[in-house]
Structures are given as structure tokens and as C-alpha cells.
Amino acid sequence: MEKKIKSRGIPSKEAFWLPPYYSEDIRRFEDDSGNATRNVWKLEEITKFIFPPKYQEKYYEIASSFLSFISERGGKVSGSDVGPFLRESGISKATFYNRVLPRLKRVGIVRVKRETQEGKNKKYMHMDIELSKTFGNYLLKIADSWLAHIDDVRSLRRQ
């Protein structure tokens, strides 16, 4: 007999926070006719969807400051830049490397590239972290697919 594991919902590491679209937690993004407004959300507002401050305040603060740090440096930092950033910001390395960075990678906000390099008498790993378009492309694919579906349904209704 096959064992079934009871669902406990979506694991938090795979969840995406979407408050009600009319919520005061997010700035308005469409007009009364359902057309997208031209205002752009700031980095901190986007980060809320990955680490909602209401539920993950510390992770949100760390992610927001790290994404600002990368952005100020042209969208890419070396692994050797991360240690000083964490020390100066008072951020725990364990929290950053075990919680925040893996989540930013999973959702496609950052890309981590690692290379093994040889130095005198030893090998070491060089790491670069850069902002990635994957997150935006992922959401655009979902959004475009939904809008296409709505257009198809409405065109059938008119026939």
C-alpha cells in the first residue's frame, strides 16, 4: 500500500507573498479600468514579495540592503566584497548564506557564479553575485499568459 503524506501547505521556502491587490501593503499598480499605471515600484517594494516584512522582517532588511549594495556597484559584486558588507552592516553570515542568498537565487533575483581557481599551493573558489533578469522574466511569463487567456476568452464571448 502506498503511503500518502499529508499536505501541510506550500513550504515557506517556495512561497511567494501576494497580498490582496487592494492592500495598503503595496502601492497601487492599476487604474480603475484595469490598465497598468506607469509608476515603478522601488527595490524595497519588490523585495517585499520575496521576504514580506510582516512575516520575515529581518530577512527583508538583509535582502533589501544587499540588493541595494549590489545595485550601487553596477549589478555585480565579487564574493570578496560580501564579507566586508556583512561585517559593516552587522549581518550574520549564517543568516545571509543559509537563508537570504539561497532564496534570492531560487526566485531568480540574483545569479551566483563560482569558479575554482588555483593559487600558490592551493585551490580556492571565486564567487560572483549579480542581479538577474530571471525573476522579472518568470513573472512576465505568468502575467502575459494570463492576459492572453483573458483576451482569448473575451474574444470568444464577442463571437
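Student: What is the volume of the largest pocket?
Tutor: In this predicted model, the largest pocket has a volume of about 1,400 Å³. It is lined by 30 residues, and those closest to its centre are Phe29, Ala36, Trp41, Leu139 and Ala143.

Student: Which helix gives the largest share of that lining?
Tutor: Helix H5, residues 134-158, with twelve residues. By class, the lining of the largest pocket holds 19 nonpolar, six polar and five charged residues.

Student: What lines the second largest pocket?
Tutor: Its volume is about 220 Å³. Among its lining residues are Phe16, Arg103, Tyr138, Leu139 and Ile142. Helices H4 (93-106) and H5 are the elements that give two or more residues to this lining. H5 gives the most, with four. The lining has seven nonpolar, no polar and four charged residues.

Student: Why is Phe16 called partly exposed?
Tutor: Its relative accessibility is 33%. Phe16 sits in the segment before helix H1 (43-47).

Student: What makes Phe16 part of a nonpolar patch?
Tutor: Phe16 forms the surface patch with Leu18, Tyr138, Leu139 and Ile142. Together they have about 510 Å² of accessible area.

Student: How do you know that Glu72 and Arg73 meet in a salt bridge?
Tutor: The N to O distance is 3.6 Å. The cut-off is 4 Å, so the pair qualifies. Glu72 is exposed, because its 63% relative accessibility is over 50%. Arg73 is partly exposed at 43%.

Student: Why does Glu130 count as buried?
Tutor: Its relative accessibility is 16%. Buried means under 20%, so Glu130 is buried.

Student: What makes Glu130 and Arg111 a salt bridge?
Tutor: Their side chains meet at 3.6 Å, N to O, and the limit is 4 Å. The pair links distant parts of the chain: Glu130 is in strand E3 (residues 122-131) and Arg111 in strand E2 (residues 110-119), 19 residues apart. Arg111 is partly exposed, at 37%.

Student: How do you know that Glu130 forms a salt bridge with Lys113?
Tutor: The closest N and O atoms are 3.3 Å apart. That is within 4 Å, so the pair counts. Glu130 in E3 and Lys113 in E2 are 17 residues apart. Lys113 is partly exposed, with 42% relative accessibility.

Student: Which residues are joined into one network?
Tutor: Arg111, Lys113 and Glu130, through salt bridges that share partners. The structure holds three salt bridges.

Key
Residues are numbered from 1 along each chain as its sequence is written. This is a predicted model: local features need pLDDT of at least 70, side-chain atom pairs count only at pLDDT 80 or more; totals for chains, interfaces and linings use all residues. Side-chain values use heavy atoms; hydrogens and water are left out. Patches are made of residues with over 30% relative accessible area and no salt bridge: like charges are joined within 9 Å, nonpolar side chains (Val, Leu, Ile, Met, Phe, Trp, Tyr) within 5 Å. Accessible areas come from the Shrake-Rupley method with a 1.4 Å probe; for residues, only the protein chains shown count as cover. Buried means under 20% relative accessible area, exposed over 50%, partly exposed in between (1.4 Å probe, protein chains only). On a 1 Å grid over the protein atoms alone, a cavity is a set of points where a 1.4 Å probe fits but cannot get out, and a pocket is an open set with protein on both sides within 12 Å along at least five of seven lines; lining residues have an atom within 4 Å of a point. Grid points are joined across faces, edges and corners, and a volume is the space filled by probe spheres set on the points. Ala, Val, Leu, Ile, Met, Phe, Trp, Tyr, Cys and Pro count as nonpolar, Asp, Glu, Lys and Arg as charged, and the others, Gly among them, as polar.
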